[in-house]
Amino acid sequence: MKILITYFSNTGNTEKVAKSMKEGLTDYEVDLLPVEEVDPTVLSSYNIVFIGSGVYASRIDKSVLNLIKKAAPHLPPKLVYFCTHASLNMYQDAFNKVKTLIQEYDCKVIGEFDCVGENLGIPEETQLAMLEKLPDEQKEKAIKIREENKGRPNETDLSNAKNFALSLVKNL
Ligand SMILES: Cc1cc2nc3c(=O)[nH]c(=O)nc-3n(C[C@H](O)[C@H](O)[C@H](O)COP(=O)(O)O)c2cc1C
């Protein structure tokens, strides 16, 4: 079984998750590469491709979609999607474009993993200024979420990512 774990990560959160997934799969042949280093022509040589991205303005990075577009129709039979996100409700549809794209090919999404990632890509003062503009009730909630996101993905998140990858592959 040949596995590729590939990801786009602007500030390192998704990369941490990708590395933890690889740690869970030590008994398998696994390549770990940022998406921009993946040759689209070799994608179909893997039995499973784990593909991940941070979520930016409710979307995954376009490099992830581009990789799939370039590789099609020669796609891996099994795809696993993972993402990190700061919001609790603005990330679920981020992978939809990829799902739509692969629909017509012999490639199935066999698992999805997400976890919270602290927003390190927008300066703190900009984030605080954005929060100030919210109505009081929303502001309070957003401040609380921002506090809770600090340091994530944390050890528990990374351990969850590791266990997710292992149990998914083991149970195939
Ligand atoms: C410009 C920008 C836009 C973002 N937009 C969203 C968003 O729409 N929804 C969300 O849940 N998180 C959003 N985030 C937070 C990131 O998804 C989160 O911090 C993620 O862990 C970043 O992953 P990375 O470190 O791998 O780049 C945004 C972050 C940045 C910098």
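Student: How many residues of domain 1 are in contact with residues of domain 2?

Tutor: Contact means that heavy atoms lie within 4.5 Å. In this predicted model, 8 residues of domain 1 are in contact with 7 residues of domain 2. Residues are numbered from 1 along each chain as its sequence is written, and side-chain values use heavy atoms, with hydrogens and water left out. Because the model is predicted, local features need pLDDT of at least 70 and side-chain atom pairs count only at pLDDT 80 or more, whereas totals for chains, interfaces and linings use all residues.

Student: Where do domain 1 and domain 2 lie in the protein chain?

Tutor: Domain bounds come from an automatic or database domain assignment. Here that assignment gives domain 1 as 2–117 + 152–170 and domain 2 as 120–151. The centres of the two domains, taken over C-alpha atoms, are separated by 27 Å.

Student: What area is buried between domain 1 and domain 2?

Tutor: Buried area is the accessible area (1.4 Å probe) that two parts lose on being put together, summed over both. For domain 1 and domain 2 the value is about 560 Å², and carbon and sulfur atoms give 51% of it. On the side of domain 1, Thr11, Leu88 and Arg152 supply 64% of the area buried against domain 2, more than any other three residues.

Student: How many salt bridges are there between domain 1 and domain 2?

Tutor: Side chains of opposite charge can pair when their charged atoms come close. A salt bridge is a side-chain nitrogen of Lys or Arg within 4 Å of a carboxyl oxygen of Asp or Glu. Between domain 1 and domain 2 the count is 0 salt bridges, while by this rule the count for the structure comes to 6.

Student: Which residue forms a salt bridge with Glu112?

Tutor: The partner is Lys99, and the closest N and O atoms are 2.9 Å apart. To place the pair, one needs the secondary structure: helices (H or I, at least four residues) and strands (E, at least two) are DSSP runs, numbered from the N terminus.

Student: Is Lys139 buried or exposed?

Tutor: Buried means under 20% relative accessible area, exposed means over 50%, and partly exposed is in between (1.4 Å probe, protein chains only). Lys139 is buried, with a relative accessible area of 17%. Its salt-bridge partner is Glu132, with the closest N and O atoms 3.2 Å apart; Glu132 is exposed at 52%. Glu147 is partly exposed at 44% relative accessibility, as is Lys150 at 39%.

Student: How many aromatic pairs does the structure hold?

Tutor: Rings of Phe, Tyr and Trp (its six-membered ring) pair if their centres lie within 6.5 Å; planes under 30 degrees apart count as stacked, over 60 as edge-to-face and the rest as tilted. The structure holds 3 aromatic pairs. One of them is Phe8 with Tyr56, an edge-to-face pair at 5.8 Å centre to centre with 85° between the planes. Phe8 lies in strand β1 (residues 2–8) and Tyr56 in strand β3 (residues 48–56), so the pair ties together parts that are 48 residues apart in sequence. Phe8 is buried at 18% relative accessibility, whereas Tyr56 is partly exposed at 29%.

Student: What is the angle between the planes of Phe113 and Phe164?

Tutor: The angle is 40°, which makes the pair tilted, and the distance is 5.2 Å centre to centre. Phe113 belongs to strand β6 (residues 108–116) and Phe164 to helix α6 (residues 155–170), so the pair ties together parts that are 51 residues apart in sequence. Phe113 is buried at 12% relative accessibility, and Phe164 is buried at 16%.

Student: Which residues does Leu168 touch, not counting residues up to four places away in sequence?

Tutor: Leu168 touches Phe50, Val80, Ile110 and Gly111. Leu168 lies in helix α6 and is buried, with a relative accessible area of 16%.
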